[in-house]
Amino acid sequence: MSANMKAINPFISAQTQLAKAASWLNANEQQKLELLKYPQRIIEVMIPVNMDDGVTKFFRGYRVQYNNSRGPYKGGIRFHEQVTLEEVQALAFWMTIKCAVVGVPMGGGKGGIVVDPKKLSQTELERLSRGYVRALSDCLGPDLDIPAPDVNTNAKIMAWMVDEFIKIRSGDRQELRATFTGKSVADGGSEGREEATGLGGLYALQTILEEVKLAPKSGRKLTVAIQGFGNVGFNIAKFLTAAGYQVVAVSDSRGGIWVPDGINPQLTQDCKQKNGYLAGCYCSGTVCDLQKGKVISNEALLELPVDILVPAALESVIQKANVGKIQARVILEMANGALAPEADQILEKRHTVVIPDVLANSGGVIVSTFEWEQNLKNAKWSKAQVNERLKKQMQSAAFEVWQLAQKLKVDLRTAAFVIGLKRILIPAQKKEG
Ligand code: NAD
(Lines give C-alpha, C1' and ligand atoms only; values in the text may rest on other atoms or scores of the structure.)
Protein backbone atom coordinates (compact mmCIF):
# COMPACT_ATOMS: atom_id res chain seq x y z
CA MET A 1 0.00 0.00 0.00
CA SER A 2 1.41 3.43 -0.92
CA ALA A 3 2.20 5.88 1.91
CA ASN A 4 -0.92 8.05 1.80
CA MET A 5 -3.39 5.15 1.52
CA LYS A 6 -5.14 4.33 4.82
CA ALA A 7 -5.86 0.94 6.36
CA ILE A 8 -9.68 0.99 6.33
CA ASN A 9 -11.91 -1.24 8.45
CA PRO A 10 -14.18 -2.82 5.79
CA PHE A 11 -16.93 -3.48 8.34
CA ILE A 12 -17.17 0.26 9.01
CA SER A 13 -17.36 0.84 5.22
CA ALA A 14 -20.18 -1.71 5.02
CA GLN A 15 -22.08 -0.04 7.86
CA THR A 16 -21.65 3.39 6.21
CA GLN A 17 -23.19 1.99 3.01
CA LEU A 18 -26.03 0.52 5.06
CA ALA A 19 -26.72 3.84 6.80
CA LYS A 20 -26.80 5.69 3.47
CA ALA A 21 -29.39 3.31 1.98
CA ALA A 22 -31.46 3.21 5.19
CA SER A 23 -32.95 6.65 4.59
CA TRP A 24 -34.88 5.17 1.63
CA LEU A 25 -36.62 2.55 3.78
CA ASN A 26 -40.03 3.02 5.37
CA ALA A 27 -40.41 3.34 9.15
CA ASN A 28 -41.23 -0.35 9.62
CA GLU A 29 -38.19 -1.43 7.68
CA GLN A 30 -35.95 1.04 9.49
CA GLN A 31 -37.05 -0.41 12.83
CA LYS A 32 -35.82 -3.82 11.70
CA LEU A 33 -32.45 -2.53 10.54
CA GLU A 34 -30.82 -3.33 13.87
CA LEU A 35 -30.91 -6.95 12.60
CA LEU A 36 -28.30 -6.09 10.00
CA LYS A 37 -25.90 -4.09 12.13
CA TYR A 38 -24.31 -7.21 13.62
CA PRO A 39 -23.90 -10.81 12.48
CA GLN A 40 -26.22 -13.43 13.94
CA ARG A 41 -23.25 -15.62 14.80
CA ILE A 42 -19.44 -15.33 14.83
CA ILE A 43 -17.37 -18.49 15.10
CA GLU A 44 -13.64 -18.22 15.77
CA VAL A 45 -11.47 -21.33 15.78
CA MET A 46 -7.82 -22.34 16.18
CA ILE A 47 -6.80 -25.02 13.70
CA PRO A 48 -3.83 -27.23 14.57
CA VAL A 49 -1.87 -28.38 11.52
CA ASN A 50 0.97 -30.89 11.48
CA MET A 51 3.57 -29.26 9.25
CA ASP A 52 5.83 -31.31 6.98
CA ASP A 53 8.77 -30.86 9.39
CA GLY A 54 6.80 -32.51 12.23
CA VAL A 55 6.05 -29.26 14.12
CA THR A 56 2.40 -28.42 14.92
CA LYS A 57 1.35 -24.89 13.96
CA PHE A 58 -1.92 -23.18 14.87
CA PHE A 59 -3.93 -21.07 12.44
CA ARG A 60 -6.78 -18.73 13.32
CA GLY A 61 -9.99 -19.25 11.34
CA TYR A 62 -13.36 -17.53 11.21
CA ARG A 63 -16.86 -18.20 9.98
CA VAL A 64 -19.36 -15.37 10.21
CA GLN A 65 -23.02 -16.32 9.77
CA TYR A 66 -24.47 -12.90 9.15
CA ASN A 67 -28.13 -13.35 8.35
CA ASN A 68 -30.32 -16.25 7.22
CA SER A 69 -33.74 -14.66 6.84
CA ARG A 70 -33.83 -15.55 3.12
CA GLY A 71 -32.15 -18.98 3.26
CA PRO A 72 -29.03 -20.82 4.45
CA TYR A 73 -25.88 -18.77 5.07
CA LYS A 74 -23.80 -18.65 1.90
CA GLY A 75 -20.32 -17.29 1.24
CA GLY A 76 -16.74 -18.06 0.34
CA ILE A 77 -13.69 -18.92 2.43
CA ARG A 78 -10.64 -16.67 2.08
CA PHE A 79 -7.06 -17.76 2.82
CA HIS A 80 -4.94 -14.64 3.29
CA GLU A 81 -2.37 -13.41 5.78
CA GLN A 82 -4.34 -10.18 6.30
CA VAL A 83 -7.71 -11.79 7.07
CA THR A 84 -9.33 -10.15 10.11
CA LEU A 85 -12.66 -10.68 11.85
CA GLU A 86 -13.80 -7.24 10.66
CA GLU A 87 -13.05 -8.18 7.06
CA VAL A 88 -14.93 -11.47 7.31
CA GLN A 89 -17.90 -9.67 8.92
CA ALA A 90 -17.97 -7.12 6.09
CA LEU A 91 -17.76 -9.83 3.44
CA ALA A 92 -20.56 -11.79 5.13
CA PHE A 93 -22.72 -8.66 5.28
CA TRP A 94 -22.14 -7.93 1.59
CA MET A 95 -23.10 -11.55 0.78
CA THR A 96 -26.39 -11.03 2.64
CA ILE A 97 -27.19 -7.95 0.55
CA LYS A 98 -25.93 -9.52 -2.70
CA CYS A 99 -28.04 -12.67 -2.48
CA ALA A 100 -31.12 -10.51 -1.92
CA VAL A 101 -30.28 -8.07 -4.76
CA VAL A 102 -30.08 -10.87 -7.33
CA GLY A 103 -32.95 -12.88 -5.85
CA VAL A 104 -30.94 -15.89 -4.70
CA PRO A 105 -32.70 -17.86 -1.89
CA MET A 106 -29.67 -17.65 0.41
CA GLY A 107 -28.54 -15.67 3.40
CA GLY A 108 -25.06 -14.27 3.90
CA GLY A 109 -21.95 -15.77 5.45
CA LYS A 110 -18.20 -15.77 4.93
CA GLY A 111 -15.12 -17.54 6.24
CA GLY A 112 -11.43 -16.96 6.40
CA ILE A 113 -8.12 -18.29 7.68
CA VAL A 114 -5.17 -16.05 8.59
CA VAL A 115 -2.49 -17.69 6.46
CA ASP A 116 -0.24 -17.01 3.51
CA PRO A 117 -1.05 -20.16 1.52
CA LYS A 118 1.98 -19.61 -0.73
CA LYS A 119 4.17 -20.50 2.26
CA LEU A 120 2.51 -23.94 2.72
CA SER A 121 3.21 -27.16 0.82
CA GLN A 122 0.25 -28.89 -0.88
CA THR A 123 0.02 -31.43 1.94
CA GLU A 124 0.04 -28.68 4.60
CA LEU A 125 -2.64 -26.78 2.66
CA GLU A 126 -4.76 -29.93 2.51
CA ARG A 127 -4.40 -30.54 6.28
CA LEU A 128 -5.32 -26.91 6.97
CA SER A 129 -8.41 -27.08 4.71
CA ARG A 130 -9.58 -30.32 6.32
CA GLY A 131 -8.82 -28.91 9.80
CA TYR A 132 -11.04 -25.89 9.10
CA VAL A 133 -13.94 -28.19 8.25
CA ARG A 134 -13.37 -30.36 11.34
CA ALA A 135 -13.42 -27.25 13.52
CA LEU A 136 -16.65 -25.98 11.95
CA SER A 137 -18.51 -29.11 10.86
CA ASP A 138 -21.37 -28.59 13.35
CA CYS A 139 -22.13 -25.22 11.80
CA LEU A 140 -22.18 -26.30 8.12
CA GLY A 141 -24.68 -28.21 5.98
CA PRO A 142 -26.74 -27.92 2.77
CA ASP A 143 -29.62 -26.22 4.58
CA LEU A 144 -27.49 -24.43 7.18
CA ASP A 145 -24.33 -22.85 5.78
CA ILE A 146 -22.76 -23.40 2.36
CA PRO A 147 -19.18 -22.20 1.77
CA ALA A 148 -17.48 -21.61 -1.61
CA PRO A 149 -14.08 -20.41 -2.91
CA ASP A 150 -12.80 -16.86 -2.47
CA VAL A 151 -9.32 -15.30 -2.57
CA ASN A 152 -6.64 -18.05 -2.62
CA THR A 153 -9.13 -20.91 -2.42
CA ASN A 154 -10.30 -22.97 -5.40
CA ALA A 155 -12.04 -26.14 -6.59
CA LYS A 156 -9.28 -28.37 -5.23
CA ILE A 157 -9.63 -26.90 -1.73
CA MET A 158 -13.45 -27.29 -1.97
CA ALA A 159 -12.89 -30.98 -2.90
CA TRP A 160 -10.77 -31.56 0.24
CA MET A 161 -13.32 -29.73 2.35
CA VAL A 162 -16.37 -31.58 1.05
CA ASP A 163 -14.54 -34.90 1.37
CA GLU A 164 -13.71 -34.12 5.02
CA PHE A 165 -17.29 -33.04 5.70
CA ILE A 166 -18.71 -36.26 4.23
CA LYS A 167 -16.29 -38.31 6.36
CA ILE A 168 -17.47 -36.53 9.52
CA ARG A 169 -21.19 -36.81 8.71
CA SER A 170 -22.59 -40.12 7.67
CA GLY A 171 -25.70 -40.11 5.46
CA ASP A 172 -26.72 -39.29 1.92
CA ARG A 173 -23.46 -38.48 0.13
CA GLN A 174 -25.09 -36.69 -2.77
CA GLU A 175 -27.00 -34.29 -0.57
CA LEU A 176 -23.95 -33.57 1.58
CA ARG A 177 -22.04 -32.52 -1.57
CA ALA A 178 -24.37 -29.51 -1.69
CA THR A 179 -22.64 -28.18 1.47
CA PHE A 180 -19.77 -26.74 -0.60
CA THR A 181 -20.03 -25.07 -3.99
CA GLY A 182 -17.30 -24.12 -6.44
CA LYS A 183 -16.28 -27.79 -6.71
CA SER A 184 -14.84 -29.06 -9.99
CA VAL A 185 -17.35 -30.74 -12.32
CA ALA A 186 -15.63 -34.09 -11.61
CA ASP A 187 -16.28 -33.58 -7.87
CA GLY A 188 -19.97 -32.77 -8.33
CA GLY A 189 -19.60 -29.09 -9.24
CA SER A 190 -21.63 -27.23 -11.83
CA GLU A 191 -20.66 -26.54 -15.41
CA GLY A 192 -19.84 -22.85 -15.71
CA ARG A 193 -19.17 -22.18 -11.97
CA GLU A 194 -15.47 -21.45 -12.34
CA GLU A 195 -16.10 -18.70 -14.91
CA ALA A 196 -19.43 -17.49 -13.50
CA THR A 197 -18.26 -14.45 -11.54
CA GLY A 198 -16.41 -13.06 -14.56
CA LEU A 199 -19.22 -13.84 -17.00
CA GLY A 200 -21.82 -12.35 -14.64
CA GLY A 201 -19.69 -9.20 -14.44
CA LEU A 202 -19.76 -8.89 -18.23
CA TYR A 203 -23.58 -9.17 -18.27
CA ALA A 204 -23.93 -6.55 -15.52
CA LEU A 205 -21.59 -4.20 -17.38
CA GLN A 206 -23.33 -4.67 -20.74
CA THR A 207 -26.76 -4.07 -19.20
CA ILE A 208 -25.69 -0.84 -17.50
CA LEU A 209 -23.73 0.39 -20.53
CA GLU A 210 -26.81 0.02 -22.70
CA GLU A 211 -28.46 2.57 -20.44
CA VAL A 212 -25.44 4.84 -19.90
CA LYS A 213 -24.56 4.85 -23.62
CA LEU A 214 -20.82 4.96 -23.02
CA ALA A 215 -19.41 5.33 -26.50
CA PRO A 216 -15.75 4.80 -27.41
CA LYS A 217 -13.93 7.63 -29.16
CA SER A 218 -14.34 7.06 -32.90
CA GLY A 219 -12.64 4.07 -34.44
CA ARG A 220 -11.48 2.37 -31.27
CA LYS A 221 -12.71 -0.15 -28.74
CA LEU A 222 -13.63 0.67 -25.13
CA THR A 223 -10.49 0.17 -23.05
CA VAL A 224 -10.31 -1.65 -19.71
CA ALA A 225 -7.76 -1.99 -16.87
CA ILE A 226 -8.19 -4.91 -14.43
CA GLN A 227 -6.54 -5.08 -10.99
CA GLY A 228 -6.12 -8.73 -9.93
CA PHE A 229 -5.61 -11.62 -12.32
CA GLY A 230 -6.97 -14.56 -10.34
CA ASN A 231 -10.24 -16.40 -10.92
CA VAL A 232 -12.29 -13.24 -11.33
CA GLY A 233 -9.72 -11.02 -13.07
CA PHE A 234 -8.63 -13.61 -15.63
CA ASN A 235 -12.15 -14.73 -16.50
CA ILE A 236 -13.53 -11.24 -16.90
CA ALA A 237 -10.51 -10.30 -19.06
CA LYS A 238 -11.33 -13.28 -21.28
CA PHE A 239 -15.05 -12.45 -21.59
CA LEU A 240 -14.48 -8.71 -22.11
CA THR A 241 -11.95 -9.38 -24.87
CA ALA A 242 -14.31 -11.83 -26.59
CA ALA A 243 -17.09 -9.23 -26.35
CA GLY A 244 -14.98 -6.62 -28.19
CA TYR A 245 -13.42 -4.59 -25.35
CA GLN A 246 -9.68 -3.91 -25.26
CA VAL A 247 -8.10 -5.02 -21.98
CA VAL A 248 -4.93 -2.91 -21.84
CA ALA A 249 -3.67 -3.59 -18.30
CA VAL A 250 -3.84 -6.35 -15.69
CA SER A 251 -2.02 -6.96 -12.39
CA ASP A 252 -1.41 -9.44 -9.62
CA SER A 253 -0.05 -9.02 -6.09
CA ARG A 254 3.47 -8.48 -7.50
CA GLY A 255 2.59 -5.71 -9.95
CA GLY A 256 1.02 -5.26 -13.35
CA ILE A 257 1.55 -5.02 -17.08
CA TRP A 258 0.32 -2.36 -19.45
CA VAL A 259 -0.05 -3.36 -23.10
CA PRO A 260 -1.68 -0.51 -25.07
CA ASP A 261 -2.44 -2.88 -28.01
CA GLY A 262 -4.57 -5.02 -25.65
CA ILE A 263 -3.53 -8.21 -23.86
CA ASN A 264 -4.34 -11.75 -24.93
CA PRO A 265 -5.87 -13.09 -21.67
CA GLN A 266 -5.20 -16.79 -22.28
CA LEU A 267 -1.57 -16.33 -23.37
CA THR A 268 -1.04 -13.95 -20.44
CA GLN A 269 -2.50 -16.52 -18.04
CA ASP A 270 -0.30 -19.30 -19.50
CA CYS A 271 2.76 -17.04 -19.17
CA LYS A 272 1.83 -16.10 -15.56
CA GLN A 273 1.47 -19.76 -14.65
CA LYS A 274 4.86 -20.55 -16.16
CA ASN A 275 6.65 -17.59 -14.48
CA GLY A 276 4.66 -17.57 -11.24
CA TYR A 277 3.89 -13.84 -11.72
CA LEU A 278 2.67 -11.43 -14.40
CA ALA A 279 5.55 -9.01 -14.99
CA GLY A 280 7.09 -9.74 -18.39
CA CYS A 281 3.93 -11.38 -19.77
CA TYR A 282 3.24 -8.82 -22.50
CA CYS A 283 1.00 -11.04 -24.58
CA SER A 284 -1.03 -9.39 -27.30
CA GLY A 285 -2.55 -10.86 -30.48
CA THR A 286 -1.14 -14.37 -30.67
CA VAL A 287 2.33 -13.76 -29.23
CA CYS A 288 4.09 -12.71 -26.05
CA ASP A 289 6.63 -9.99 -26.87
CA LEU A 290 8.78 -7.95 -24.48
CA GLN A 291 8.61 -4.93 -26.82
CA LYS A 292 4.84 -4.65 -26.51
CA GLY A 293 4.29 -3.54 -22.93
CA LYS A 294 5.51 -1.98 -19.71
CA VAL A 295 5.67 -3.06 -16.08
CA ILE A 296 3.23 -0.97 -14.04
CA SER A 297 2.50 -0.78 -10.31
CA ASN A 298 -0.92 -1.69 -8.90
CA GLU A 299 -1.44 1.96 -7.90
CA ALA A 300 -0.59 3.24 -11.41
CA LEU A 301 -2.90 0.67 -13.02
CA LEU A 302 -5.87 2.20 -11.22
CA GLU A 303 -5.00 5.63 -12.57
CA LEU A 304 -4.63 4.72 -16.27
CA PRO A 305 -6.62 6.70 -18.88
CA VAL A 306 -9.08 3.88 -19.64
CA ASP A 307 -12.84 3.86 -20.18
CA ILE A 308 -13.56 1.09 -17.68
CA LEU A 309 -11.72 0.14 -14.49
CA VAL A 310 -12.23 -3.29 -12.93
CA PRO A 311 -10.82 -3.78 -9.41
CA ALA A 312 -10.77 -7.58 -8.96
CA ALA A 313 -8.40 -8.15 -6.02
CA LEU A 314 -8.94 -6.80 -2.48
CA GLU A 315 -10.88 -4.18 -0.47
CA SER A 316 -10.40 -0.40 -0.17
CA VAL A 317 -8.03 -0.02 -3.13
CA ILE A 318 -9.86 3.14 -4.20
CA GLN A 319 -10.12 5.62 -1.35
CA LYS A 320 -9.86 9.34 -0.66
CA ALA A 321 -6.09 9.45 -1.27
CA ASN A 322 -6.20 8.15 -4.86
CA VAL A 323 -9.77 8.71 -6.07
CA GLY A 324 -8.82 12.08 -7.57
CA LYS A 325 -6.45 10.30 -9.95
CA ILE A 326 -8.98 7.79 -11.29
CA GLN A 327 -9.71 8.57 -14.94
CA ALA A 328 -12.12 5.75 -15.89
CA ARG A 329 -15.70 6.77 -16.65
CA VAL A 330 -17.11 3.44 -15.42
CA ILE A 331 -15.92 1.28 -12.50
CA LEU A 332 -17.04 -2.34 -12.41
CA GLU A 333 -16.41 -3.33 -8.78
CA MET A 334 -15.65 -7.05 -9.06
CA ALA A 335 -13.66 -7.24 -5.79
CA ASN A 336 -15.84 -6.99 -2.70
CA GLY A 337 -15.47 -3.63 -1.01
CA ALA A 338 -12.90 -2.27 -3.48
CA LEU A 339 -14.26 1.28 -3.11
CA ALA A 340 -14.22 2.95 0.29
CA PRO A 341 -17.34 5.09 1.00
CA GLU A 342 -15.43 8.40 0.87
CA ALA A 343 -14.25 7.55 -2.64
CA ASP A 344 -17.75 6.48 -3.63
CA GLN A 345 -19.11 9.85 -2.61
CA ILE A 346 -16.51 11.74 -4.67
CA LEU A 347 -17.10 9.51 -7.72
CA GLU A 348 -20.85 10.09 -7.42
CA LYS A 349 -20.32 13.85 -7.53
CA ARG A 350 -18.11 13.41 -10.61
CA HIS A 351 -20.81 11.26 -12.28
CA THR A 352 -18.48 8.29 -12.61
CA VAL A 353 -20.70 5.22 -13.00
CA VAL A 354 -19.91 2.70 -10.26
CA ILE A 355 -21.43 -0.77 -10.76
CA PRO A 356 -21.25 -1.99 -7.15
CA ASP A 357 -19.82 -5.31 -5.92
CA VAL A 358 -23.19 -6.53 -4.59
CA LEU A 359 -24.40 -6.57 -8.21
CA ALA A 360 -21.22 -6.85 -10.33
CA ASN A 361 -19.75 -10.00 -8.78
CA SER A 362 -22.99 -11.83 -7.97
CA GLY A 363 -22.56 -14.27 -10.89
CA GLY A 364 -20.51 -16.47 -8.56
CA VAL A 365 -23.22 -16.92 -5.95
CA ILE A 366 -25.91 -17.29 -8.63
CA VAL A 367 -24.14 -20.28 -10.21
CA SER A 368 -23.14 -21.60 -6.77
CA THR A 369 -26.86 -21.72 -6.03
CA PHE A 370 -27.39 -23.62 -9.31
CA GLU A 371 -24.71 -26.07 -8.15
CA TRP A 372 -26.41 -26.50 -4.76
CA GLU A 373 -29.77 -27.09 -6.49
CA GLN A 374 -28.28 -29.64 -8.92
CA ASN A 375 -26.60 -31.51 -6.03
CA LEU A 376 -29.84 -31.63 -4.03
CA LYS A 377 -31.84 -32.85 -7.04
CA ASN A 378 -29.06 -35.11 -8.33
CA ALA A 379 -29.32 -33.25 -11.65
CA LYS A 380 -26.75 -32.08 -14.22
CA TRP A 381 -27.35 -28.92 -16.22
CA SER A 382 -25.38 -28.21 -19.39
CA LYS A 383 -23.06 -25.21 -19.60
CA ALA A 384 -25.45 -23.58 -22.08
CA GLN A 385 -28.36 -23.97 -19.62
CA VAL A 386 -26.30 -22.57 -16.74
CA ASN A 387 -25.03 -19.59 -18.75
CA GLU A 388 -28.47 -18.78 -20.12
CA ARG A 389 -29.99 -18.74 -16.62
CA LEU A 390 -27.07 -16.69 -15.32
CA LYS A 391 -27.50 -14.17 -18.14
CA LYS A 392 -31.23 -13.73 -17.47
CA GLN A 393 -30.75 -13.34 -13.72
CA MET A 394 -27.86 -10.86 -14.06
CA GLN A 395 -29.57 -8.78 -16.73
CA SER A 396 -32.82 -8.54 -14.83
CA ALA A 397 -31.07 -7.64 -11.52
CA ALA A 398 -28.86 -5.04 -13.22
CA PHE A 399 -31.83 -3.46 -15.00
CA GLU A 400 -33.87 -3.37 -11.79
CA VAL A 401 -31.01 -1.64 -9.96
CA TRP A 402 -30.59 0.84 -12.83
CA GLN A 403 -34.30 1.68 -12.89
CA LEU A 404 -34.51 2.24 -9.13
CA ALA A 405 -31.38 4.43 -9.23
CA GLN A 406 -33.06 6.60 -11.88
CA LYS A 407 -36.30 6.76 -9.93
CA LEU A 408 -34.70 7.71 -6.60
CA LYS A 409 -31.89 9.73 -8.24
CA VAL A 410 -29.27 7.82 -6.28
CA ASP A 411 -26.10 5.94 -7.18
CA LEU A 412 -26.31 2.28 -8.22
CA ARG A 413 -24.93 1.01 -4.89
CA THR A 414 -27.64 2.76 -2.89
CA ALA A 415 -30.31 1.47 -5.28
CA ALA A 416 -28.96 -2.08 -4.99
CA PHE A 417 -28.91 -1.83 -1.18
CA VAL A 418 -32.49 -0.54 -1.08
CA ILE A 419 -33.67 -3.49 -3.22
CA GLY A 420 -31.70 -5.98 -1.10
CA LEU A 421 -32.69 -4.51 2.26
CA LYS A 422 -36.41 -4.51 1.46
CA ARG A 423 -36.21 -8.20 0.49
CA ILE A 424 -34.32 -9.11 3.66
CA LEU A 425 -36.42 -7.08 6.07
CA ILE A 426 -39.87 -7.95 4.71
CA PRO A 427 -39.66 -11.73 5.27
CA ALA A 428 -38.49 -10.95 8.82
CA GLN A 429 -41.66 -8.88 9.33
CA LYS A 430 -43.85 -11.63 7.86
CA LYS A 431 -42.41 -14.28 10.18
CA GLU A 432 -43.44 -12.24 13.18
CA GLY A 433 -46.89 -11.43 11.88
P1 NAD B 1 -7.99 -15.16 -6.50
O2 NAD B 1 -7.24 -15.59 -5.31
O3 NAD B 1 -8.29 -16.15 -7.56
O4 NAD B 1 -7.25 -13.91 -7.19
C5 NAD B 1 -6.92 -12.75 -6.50
C6 NAD B 1 -5.98 -11.93 -7.38
O7 NAD B 1 -5.67 -10.69 -6.74
C8 NAD B 1 -4.64 -12.60 -7.67
O9 NAD B 1 -4.25 -12.33 -9.00
C10 NAD B 1 -3.68 -11.90 -6.70
O11 NAD B 1 -2.34 -11.91 -7.15
C12 NAD B 1 -4.26 -10.50 -6.75
N13 NAD B 1 -3.87 -9.69 -5.61
C14 NAD B 1 -3.75 -10.05 -4.31
N15 NAD B 1 -3.33 -9.01 -3.58
C16 NAD B 1 -3.22 -7.97 -4.42
C17 NAD B 1 -2.83 -6.61 -4.29
N18 NAD B 1 -2.48 -6.13 -3.11
N19 NAD B 1 -2.85 -5.84 -5.41
C20 NAD B 1 -3.22 -6.35 -6.58
N21 NAD B 1 -3.58 -7.62 -6.79
C22 NAD B 1 -3.57 -8.40 -5.72
O23 NAD B 1 -9.34 -14.50 -5.94
P24 NAD B 1 -10.70 -14.26 -6.73
O25 NAD B 1 -11.58 -15.40 -6.45
O26 NAD B 1 -10.40 -13.87 -8.13
O27 NAD B 1 -11.31 -13.03 -5.91
C28 NAD B 1 -11.00 -11.67 -6.25
C29 NAD B 1 -12.08 -10.76 -5.65
O30 NAD B 1 -13.36 -11.13 -6.19
C31 NAD B 1 -12.25 -10.84 -4.13
O32 NAD B 1 -12.68 -9.59 -3.64
C33 NAD B 1 -13.39 -11.83 -3.96
O34 NAD B 1 -14.07 -11.69 -2.73
C35 NAD B 1 -14.26 -11.42 -5.13
N36 NAD B 1 -15.22 -12.44 -5.55
C37 NAD B 1 -14.80 -13.66 -5.97
C38 NAD B 1 -15.77 -14.59 -6.39
C39 NAD B 1 -15.37 -15.94 -6.93
O40 NAD B 1 -16.27 -16.63 -7.44
N41 NAD B 1 -14.13 -16.35 -6.89
C42 NAD B 1 -17.11 -14.28 -6.33
C43 NAD B 1 -17.51 -13.01 -5.90
C44 NAD B 1 -16.55 -12.10 -5.52
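Predicted model: local features only at pLDDT ≥ 70, side-chain atom pairs only at ≥ 80, totals over all residues.
1. The surroundings of R78 can be described in some detail: leaving aside neighbours within four places in sequence, R78 is in contact with V83, E87, L91, G111, G112, I113, D150, V151, L314 and E315. With one of these residues, E87, the contact includes a polar one between the two side chains, at 2.9 Å.

2. R78 also takes part in the ligand site, where an N or O atom of the R78 side chain is 3.0 Å from an oxygen atom of the ligand. A polar backbone atom of N231 lies 2.9 Å from an oxygen atom of the ligand, while a nitrogen atom of the ligand has a polar side-chain atom of N298 at 3.3 Å. The ligand taken alone exposes 830 Å², and the protein buries 85% of that area. Two or more residues of the shell around the ligand come from each of the elements α7 and α8.

3. As for the shell as a whole, 22 residues surround the ligand, and the closest are D150, N152, T197, N231 and N336. Sorted by class, the shell is made up of ten polar, eight nonpolar and four charged residues.

4. Just after α8, G244 takes a positive phi of about 100 degrees.

5. Which residues of α8 are buried? They are V232, G233, F234, N235, I236, A237, F239 and L240. The cover over these buried residues includes the helices α7 (193–212) and α9 (265–275), together with the strands β6 (223–227), β7 (246–252), β12 (308–311) and β13 (330–332).

6. Not counting residues up to four places away in sequence, N322 touches M5, L302, E303 and V317. In the case of V317, the backbone oxygen lies 2.9 Å from a polar atom of the N322 side chain.

Key:
Residues numbered from 1 in each chain as written. Heavy atoms only, no water. Buried < 20%, exposed > 50% of the residue type's maximum accessible area, 1.4 Å probe, protein only. Helix = DSSP H or I, 4+ residues; strand = E, 2+ residues; numbered from the N terminus. Contact = heavy atoms within 4.5 Å. Near = heavy atom within 4 Å. Polar contact = N/O pair within 3.5 Å; in protein donor to acceptor, adjacent residues only side chain to side chain. Areas by Shrake-Rupley, 256 points an atom, 1.4 Å probe, with all protein chains shown as cover. Nonpolar A, V, L, I, M, F, W, Y, C, P; charged D, E, K, R; others polar.
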